[in-house]
Number of protein chains: 4
Amino acid sequence: MTNTPRVTIWNEFRHEKRNAKIAAIYPDGMHEAIASHLRAEGMTVATATLDEPEHGLTEEALGRTDTLIWWGHTAHDEVSDGVVDRVQSRVLEGMGLVVLHSGHFSKIFKRLMGTSCDLKWREVGEKERIWVVAPGHPIAAGLGEYFEIPAAEMYGEYFDIPEPDTLVFVSWFQGGEVFRSGCCFHRGRGKIFYFRPGHETYPIYHQPEVLKVIGNAVRWAAPSGGPEVKFGHRPEPLESLRVGE
Amino acid sequence: MTNTPRVTIWNEFRHEKRNAKIAAIYPDGMHEAIASHLRAEGMTVATATLDEPEHGLTEEALGRTDTLIWWGHTAHDEVSDGVVDRVQSRVLEGMGLVVLHSGHFSKIFKRLMGTSCDLKWREVGEKERIWVVAPGHPIAAGLGEYFEIPAAEMYGEYFDIPEPDTLVFVSWFQGGEVFRSGCCFHRGRGKIFYFRPGHETYPIYHQPEVLKVIGNAVRWAAPSGGPEVKFGHRPEPLESLRVGE
Amino acid sequence: MTNTPRVTIWNEFRHEKRNAKIAAIYPDGMHEAIASHLRAEGMTVATATLDEPEHGLTEEALGRTDTLIWWGHTAHDEVSDGVVDRVQSRVLEGMGLVVLHSGHFSKIFKRLMGTSCDLKWREVGEKERIWVVAPGHPIAAGLGEYFEIPAAEMYGEYFDIPEPDTLVFVSWFQGGEVFRSGCCFHRGRGKIFYFRPGHETYPIYHQPEVLKVIGNAVRWAAPSGGPEVKFGHRPEPLESLRVGE
Amino acid sequence: MTNTPRVTIWNEFRHEKRNAKIAAIYPDGMHEAIASHLRAEGMTVATATLDEPEHGLTEEALGRTDTLIWWGHTAHDEVSDGVVDRVQSRVLEGMGLVVLHSGHFSKIFKRLMGTSCDLKWREVGEKERIWVVAPGHPIAAGLGEYFEIPAAEMYGEYFDIPEPDTLVFVSWFQGGEVFRSGCCFHRGRGKIFYFRPGHETYPIYHQPEVLKVIGNAVRWAAPSGGPEVKFGHRPEPLESLRVGE
């Protein structure tokens with residue numbers, strides 16, 4: 001187990017280039033806001049964005065990634081199916097995946113969940129209070145019983161995902177909804193964490209509690225050294241079948 | 001599978017006898033408010049209360065019970081350990097158990113959970129909105145996406161229970177908390193459902209959605225005909241061990 | 001809750017037409033062996049096969065199906081993606097799905113699981129003993145603590161599926177492997193059961209315990225009447241946001 | 001997160017003192033066989049045994065324990081209820097607990113599970129093969145797809161425990177049974193791992209794979225720094241309730 005995994009932050013990186021208000025909040029892109037925090041925690045951080053060749057997610061780039069963070073919103077459909085196949089394979093082999101906010105609708109998250117990943121939403125800058133419901137989970141390390149986001153986009157239930165293997169956070173929204181905001185899943189040898197907070201027009205990825213959770217999730221999701229699994233034809237039984245003859 | 005299980009409703013039945021305001025809401029006790037609904041759904045309903053001999057929960061009474069409903073609040077400690085042992089045994093053998101509201105602190109629920117079952121609470125009559133997060137579960141049958149309780153006691157996280165096998169409801173409270181309000185557990189051959197709503201001074205057990213959920217839970221929790229399990233010494237292997245000799 | 005759901009049995013139906021030995025075991029196809037049992041249990045049964053138009057799974061056919069059973073093996077790739085999309089949508093809306101044996105590699109199962117669904121296998125006719133590990137689950141109704149299949153194809157772990165919401169059966173194989181043989185999943189409003197036994201050259205779908213489990217699974221997976229879920233933009237909060245002004 | 005937790009190994013330590021054959025395998029007790037391995041992994045290790053005052057589990061001893069390992073067999077009833085209360089409280093507060101083999105019937109494990117924890121057993125020295133079914137879990141680190149114990153006591157299903165939060169291992173036994181051999185549970189802030197292998201008359205706690213799993217489990221179960229939880233009356237809402245007035 002390593003406390004300093006190699007992390008790659010994938011960001012769609014379109015909003016920040018097109019909208020002055022968003023650029024003012026994230027001048028180098030949301031990925032750099034997250035990256036600077038993770039570097040300060042001692043991690044080795046790479047970034048990749050949609051408009052790079054192969055979206056920056058070549059075999060080599062994924063091969064040196066312990067945990068991949070994913071943020072996308074406006075251009076999910078532009079992500080090539082080949083890259084989605086590649087990321088899915090790597091997750092099943094053991095790479096961690098942390099999906100943020102509007103990444104719930106990314107091809108890779110929908111592929112790994114098998115459901116629509118749909119939800120309700122509203123964007124009026126209401127208050128969100130995120131409660132810890134699994135205080136023994138490593139992703140909750142260093143938090144209080146809850147933390148608040150002063151102005152957030154609302155995401156509301158029903159959130160169409162498989163029942164999480166562990167539910168870590170539940171959000172309360174001022175407007176009356178609740179949401180399963182921190183969800184752990186295992187797929188193959190890989191670990192996946194969905195984390196709701198984050199938005200292009202609110203400074204959420206500058207908030208210490210949010211960054212702390214992302215760091216915790218990256219460490220939790222990194223490969224943990226379990227067995228390589230093998231599949232296929234096993235013509236020879238492990239035990240003799242001549243019992244009782 | 002039966003749609004008309006035999007149900008026994010256990011009520012502490014102290015509040016209703018001592019407090020005129022409560023007696024006005026539940027003149028025959030909370031158990032009779034629930035019983036009349038379940039009878040209307042075609043179930044065979046018995047009731048039992050704390051001050052009866054053996055609290056009304058004799059071997060015979062439990063022996064003819066498919067699902068037991070439990071409401072207690074002010075006198076958990078007066079329930080005898082022998083009766084708790086008996087109810088626990090019956091649950092492990094397959095009897096369903098539906099624990100309501102302040103029953104979270106009953107001896108039988110704490111026994112079956114293995115945790116403190118503690119929580120936060122506040123009693124100012126605030127609004128509660130109960131969201132369905134498992135729309136495919138039979139306990140959610142006949143509901144909308146959410147229902148509201150106009151004035152409720154607040155129960156807040158962290159709720160110290162094992163992670164539910166299925167989480168069916170999450171509550172939003174006006175005062176800012178959330179709560180896992182509908183929780184399924186399997187213990188031995190028995191099924192357990194914890195359901196948060198209900199209070200002695202609010203007319204919650206007259207509300208149609210609450211009664212509908214209780215009826216659904218009784219049917220879901222009733223024995224489903226699985227194998228009797230056997231334990232202990234099995235000196236004879238099922239297979240010959242003389243392999244390879 | 002209905003005890004007599006409308007079931008559609010989908011069978012690839014190629015082996016039975018091409019191989020005399022298989023045809024001798026299942027003269028009308030595996031689907032008819034299963035269908036005759038389910039009809040005897042009072043269900044309304046339709047069948048559908050790969051070589052029918054739209055593989056027999058039109059909108060209309062699926063619209064009158066409570067639970068769909070799926071058997072495929074040699075021609076998974078011939079199932080059209082459009083039909084897979086349609087079945088997936090229906091499952092998320094609430095239709096049950098029971099996937100049998102080599103159906104683990106079907107497009108629809110892999111789509112709903114999000115994993116490779118790969119496993120180990122061997123075909124030497126060894127003994128399988130299927131243990132009930134969830135005796136309180138309705139799918140185990142009417143069984144003993146275990147049942148045996150005298151000659152079976154082996155499927156071995158690691159089985160690359162998400163962790164089941166409930167694990168009902170674990171298989172012991174004579175050759176030394178184990179397998180999670182009965183696995184429940186919830187996806188959207190739909191319930192999915194994977195059941196390992198079954199093979200084209202063994203008379204497994206004539207065995208009473210196997211047929212009993214399939215019947216139980218069909219009833220468990222059928223829609224249970226929970227809320228229709230809605231997604232998308234909710235511009236109006238349920239609660240006023242003018243708090244504290 | 002620490003990779004070198006402080007561990008206390010509790011051993012009943014009666015068999016080793018009374019039986020020459022057992023003493024030959026574990027001359028300093030089973031606890032010392034385990035301790036020497038964990039020390040070699042860099043952990044700070046204390047031991048405690050039944051016949052010490054307070055069974056060696058004083059407030060102070062538990063206060064400096066990150067993970068407690070438990071082995072008991074012949075004298076479960078001699079463990080005082082006060083010590084069981086104390087250990088349960090510490091687990092709910094966050095201390096890890098690793099329960100070994102016949103510890104399934106210890107007071108503390110039954111208390112935390114809420115079930116009988118009963119099972120089938122046979123002692124003829126048959127072969128056990130332990131399969132990894134959660135290859136992404138940290139407790140499986142450093143293992144192959146399975147490992148074997150040449151001569152073991154059999155434990156068979158049905159094992160009367162709550163459904164594990166994660167099932168890591170499933171055992172195959174030569175005599176025809178299966179068993180859920182590695183089971184993770186969360187209770188309060190604490191993590192619990194039940195691990196089946198181990199017996200007083202077989203040299204199982206000298207086997208490298210078994211020791212590796214115990215070390216992994218100790219690290220996984222150690223406190224992970226999540227929030228302290230608070231319970232009780234919260235008279236002041238977090239949000240103003242004067243909405244809409």
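**Exercise 1.** Determine how strand 5 of chain B is joined to strand 10 of chain D.

*Solution.* Two bridges join strand 5 of chain B to strand 10 (residues 232-233) of chain D, and the strands run parallel. Strands are DSSP runs of E with at least two residues, numbered from the N terminus, and two of them pair if DSSP finds at least two bridges between them. Within this pairing, Lys120(B) stands opposite Gly232(D). The model is predicted: local features need pLDDT of at least 70, side-chain atom pairs count only at pLDDT 80 or more, and totals for chains, interfaces and linings use all residues. Residues are numbered from 1 along each chain as its sequence is written, while chains are lettered from A and ligands numbered from 1 in the order in which they are written.

**Exercise 2.** Describe the side of chain B that touches chain D.

*Solution.* The contact (C-beta atoms, placed from the backbone, within 7 Å) takes 37 residues from chain B and 37 residues from chain D. On the chain B side, helix 6 (107-113), strand 5 (120-132), strand 8 (178-187) and strand 10 (232-233) each supply at least two residues. Strand 5 of chain B gives the largest share, five residues.

**Exercise 3.** Check the span of helix 5 (residues 81-93) of chain C.

*Solution.* A helix is a DSSP run of H or I with at least four residues, and its expected span is 1.5 Å times one less than its number of residues. The 13 residues of helix 5 of chain C should therefore span 18 Å, and the end C-alpha atoms are 18 Å apart, which agrees. After the helix comes Gly94(C), with a positive phi near 135°.

Technical notes: Contact = placed C-beta atoms within 7 Å.
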